[in-house]
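This briefing is for a reader meeting the structure for the first time.

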Amino acid sequence: MRLIFLGPPGAGKGTQAKLLTERYGIPQLSTGDMLRAAVAQATEVGKRAKAVMDAGQLVSDEIVNEIVSDRIDQADCAKGFILDGYPRTVPQAIALGKMLDGKGLKLDAVIELKVDEAALVKRMENRVAETIAAGGTVRSDDNPEAFKRRLTEYREKTAPLSEHYAGTGQLRTVDGMAEVNTVTAEIEKILA
Ligand code: AP5
């Protein structure tokens, strides 16, 4: 099974991808997590991505296309994978299409989580509060200024992907405002 999760920052892409990973035994490929790991390890990619991510902007298509292509080639992706946060621009979606064709692979579904903007801001605030309460490190882009920019980037560059995948007939939309378990149940119905 090969899936894409689309949705604005805080829509629940990561939450749902993690739950489905356990259910289907396939890995979650989060470009955000991969980039944060690169930043933490101060790799060349991490050094180039850090300031861009901190500002809430998108990292270049070139960088993310390459890290996803390399990741898909790893053995744990043989049965499938869940793309969380990729593609995020129409050029990334086109690159992914070519990448999958080149590897002889097909997508099974593109699932978009719809959540109101006010709820997204509240979720980001909750995540910050929960992280602090647990003694963890708050994400450097989970602050009002960077989050506003992340939403703008989403509206301008990522939202057009809905039309792109509606055009390919692969887009399915789920109400991401519902409780986590309800959202998972809706996704499982689509995948059944
Ligand atoms: P990334 O890490 O992908 O962040 P994001 O898309 O902004 O999304 P989040 O992780 O904030 O949200 P999510 O939808 O996964 O929601 P979550 O499940 O965590 O990207 C970060 C940065 O990396 C980008 O800004 C960019 O710079 C760079 N980047 C990454 N990919 C890139 C790409 N392809 N191209 C270019 N640059 C890229 O949930 C959020 C919170 O809500 C949690 O606290 C959760 O517990 C809660 N929650 C989840 N579901 C529900 C629910 N149903 N009800 C109530 N609360 C819920």
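What follows covers the salt bridges of this model.

The model is predicted, so local features need pLDDT of at least 70 and side-chain atom pairs count only at pLDDT 80 or more, while totals for chains, interfaces and linings use all residues. Residues are numbered from 1 along each chain as its sequence is written, and side-chain values use heavy atoms, with hydrogens and water left out. Side chains of opposite charge can pair when their charged atoms come close. The structure holds 15 salt bridges (a side-chain nitrogen of Lys or Arg within 4 Å of a carboxyl oxygen of Asp or Glu).

- Arg36 and Asp33 form a salt bridge, with 2.8 Å between the closest N and O atoms.
- Both residues lie in helix H2 (residues 31-40), 3 residues apart, which is about one turn of the helix; helices are DSSP runs of H or I, at least four residues, numbered from the N terminus.
- Arg36 is partly exposed at 28% relative accessibility, and Asp33 is partly exposed at 36% (buried is under 20% relative accessible area, exposed over 50%, partly exposed in between, with a 1.4 Å probe and protein chains only).

**Between two helices**
- Glu117 pairs with Arg155 in a salt bridge whose closest N and O atoms are 3.0 Å apart.
- This pair links distant parts of the chain, 38 residues apart: Glu117 is in helix H6 (residues 117-133) and Arg155 in helix H7 (residues 144-158).
- Arg155 is partly exposed at 43%, as is Glu117 at 37%.

**A network**
- Arg127, Arg139, Asp141, Asp142 and Arg150 are joined in a network of salt bridges.
- Asp141 is buried at 8% relative accessibility, whereas Arg139 is partly exposed at 24%.
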